[in-house]
Amino acid sequence: MDRYEISKYIIDRLNYLDLDLLRAKFFNSGKINYLVIDNLLPYKLAEKLNDIFPDESELSHLKMIQQNKFVGVNFDKSQYLIEECLYAFQQDEVLRAVSIITNIKDIVGDPELYAGGISSMSKGCFLNPHIDNSHDRKLKKFRRLNLLYYVNNNWDPIKDGGELLLFPDGIKNKEVKITCNFNRLVIMRTDNRSLHAVRKVHSKDNRRKCISNYYF
């Protein structure tokens with residue numbers, strides 16, 4: 001299976017849910033617009049992505065006051081499906097559909113993976129409240145959307161933690177919690193007001209596995 005086949009699954013799911021209805025949900029979600037789409041890909045495909053997800057020993061460890069996570073953009077031959085899924089979100093048909101949902105014209109993907117790739121978060125990993133980089137690598141295009149696709153199977157949000165947290169009214173006020181459920185896609189607007197974080201992971205036996213794309 002390649003990126004073109006996977007992109008068709010993404011489009012079929014978005015069209016099944018109705019782009020106009022998804023757009024209404026996106027704009028009715030609050031000050032930080034976001035959208036949650038469950039069961040994005042066929043179950044067996046999502047399960048395969050979970051099974052072949054790189055070990056943390058194969059990834060770069062970013063550990064500092066602001067964050068603790070493992071990230072990567074390179075994959076071996078046995079993990080080709082991860083790469084194909086990553087780039088499926090950058091196919092023209094997917095970009096057009098997301099443009100309709102978010103009402104953002106002329107959006108483009110991130111083929112250099114300046115901000116995208118995969119992330120793994122095991123016990124103790126976290127992201128403190130932050131705002132994402134505002135531009136692409138060449139500082140020519142504004143960053144507009146995050147697309148976060150979770151493939152961690154058998155995740156228990158109560159026990160395992162790892163929720164995506166949005167702070168539409170600042171960190172001193174109530175946050176919006178979005179659990180990283182298996183086969184779930186989150187589309188989130190990102191700008192200078194999109195303060196967000198990831199709650200610390202508590203799982204002893206599982207990892208929060210995310211395939212991330214950013215649109216400019």
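This is a predicted model: local features need pLDDT of at least 70, side-chain atom pairs count only at pLDDT 80 or more; totals for chains, interfaces and linings use all residues.
Three aromatic pairs are present in the structure. In one of them, the ring centres of Phe26 and Phe27 are 5.2 Å apart and the ring planes stand at 90 degrees, so this pair is classed as edge-to-face. The two partners differ in their surroundings. Phe26 has a relative accessibility of 1% and therefore counts as buried, because the limit for a buried residue is under 20% relative accessible area. Phe27, at 39% relative accessibility, counts as partly exposed.

A further aromatic pair is formed by Phe89 and Tyr149, with 6.0 Å from centre to centre and 50 degrees between the planes, and this pair is tilted. Phe89 belongs to the loop between helix H4 (80-88) and helix H5 (92-102), whereas Tyr149 belongs to strand S6 (residues 145-150), so the pair ties together parts that are 60 residues apart in sequence. Both Phe89 and Tyr149 are buried.

Another arrangement involving a ring is found at Tyr214. Arg143 lies over the face of Tyr214, at 3.9 Å from the ring centre. Arg143 and Tyr214 are also among the residues closest to the centre of the largest pocket, as described next.

The largest pocket holds about 620 Å³ of space. Its lining consists of 32 residues, and those closest to the pocket centre are Lys69, Val71, Ala115, Arg143 and Tyr214. At least two lining residues come from each of strand S3 (67-72), strand S4 (117-121), strand S5 (126-130), S6, strand S10 (196-198) and strand S11 (208-215). By residue class, the lining of this pocket comprises 16 nonpolar, 12 polar and four charged residues.

The backbone was examined for positive phi values. Most residues other than glycine have a negative phi. Asp18, which is not a glycine, has a positive phi near 85 degrees. This residue is placed in the loop between helix H1 (3-17) and helix H2 (19-27). With a relative accessible area of 32%, Asp18 is partly exposed. Asn39 is also not a glycine, and its phi is positive, at about 55 degrees. Asn39 is located in the loop between strand S1 (34-37) and helix H3 (43-51). A positive phi, near 60 degrees, is found as well in Asn103, the residue that follows H5.

A polar contact was identified between two side chains, those of Arg184 and Asp38, at 2.6 Å. Arg184 is situated in strand S9 (residues 184-189). The relative accessible area of Arg184 is 10%, and Arg184 is therefore buried.

Asn153, in the loop between S6 and helix H6 (157-160), is 29 residues from Phe182 along the chain, and the C-alpha atoms of the two are separated by 5.1 Å. Asn153 is buried, with a relative accessible area of 11%. Val198, in strand S10, is 68 residues from His130 along the chain, with 9.8 Å between their C-alpha atoms. Val198 counts as buried, at 6% relative accessibility. Strand S10 is one of the strands that supply at least two residues to the lining of the largest pocket.

Leu165, in strand S7 (residues 164-166), and Ile11 are 154 residues apart along the chain, and their C-alpha atoms are separated by 27 Å. Leu165 is buried, with a relative accessible area of 11%. Ile131 is found in the loop between S5 and S6. Ile131 and Lys8 are 123 residues apart in sequence, and the C-alpha to C-alpha distance between them is 31 Å. The relative accessible area of Ile131 is 41%, and Ile131 is therefore partly exposed.

Methods. Residues are numbered from 1 along each chain as its sequence is written. Side-chain values use heavy atoms; hydrogens and water are left out. Rings of Phe, Tyr and Trp (its six-membered ring) pair if their centres lie within 6.5 Å; planes under 30 degrees apart count as stacked, over 60 as edge-to-face and the rest as tilted. Buried means under 20% relative accessible area, exposed over 50%, partly exposed in between (1.4 Å probe, protein chains only). Helices (H or I, at least four residues) and strands (E, at least two) are DSSP runs, numbered from the N terminus. A charge sits over a ring if NZ of Lys or CZ of Arg is within 6 Å of the ring centre and within 35 degrees of the ring normal. On a 1 Å grid over the protein atoms alone, a cavity is a set of points where a 1.4 Å probe fits but cannot get out, and a pocket is an open set with protein on both sides within 12 Å along at least five of seven lines; lining residues have an atom within 4 Å of a point. Grid points are joined across faces, edges and corners, and a volume is the space filled by probe spheres set on the points. Ala, Val, Leu, Ile, Met, Phe, Trp, Tyr, Cys and Pro count as nonpolar, Asp, Glu, Lys and Arg as charged, and the others, Gly among them, as polar. A polar contact is a pair of N or O atoms within 3.5 Å; within protein, one must be able to donate a hydrogen and the other to accept it, and residues adjacent in sequence count only if both atoms are side-chain atoms.
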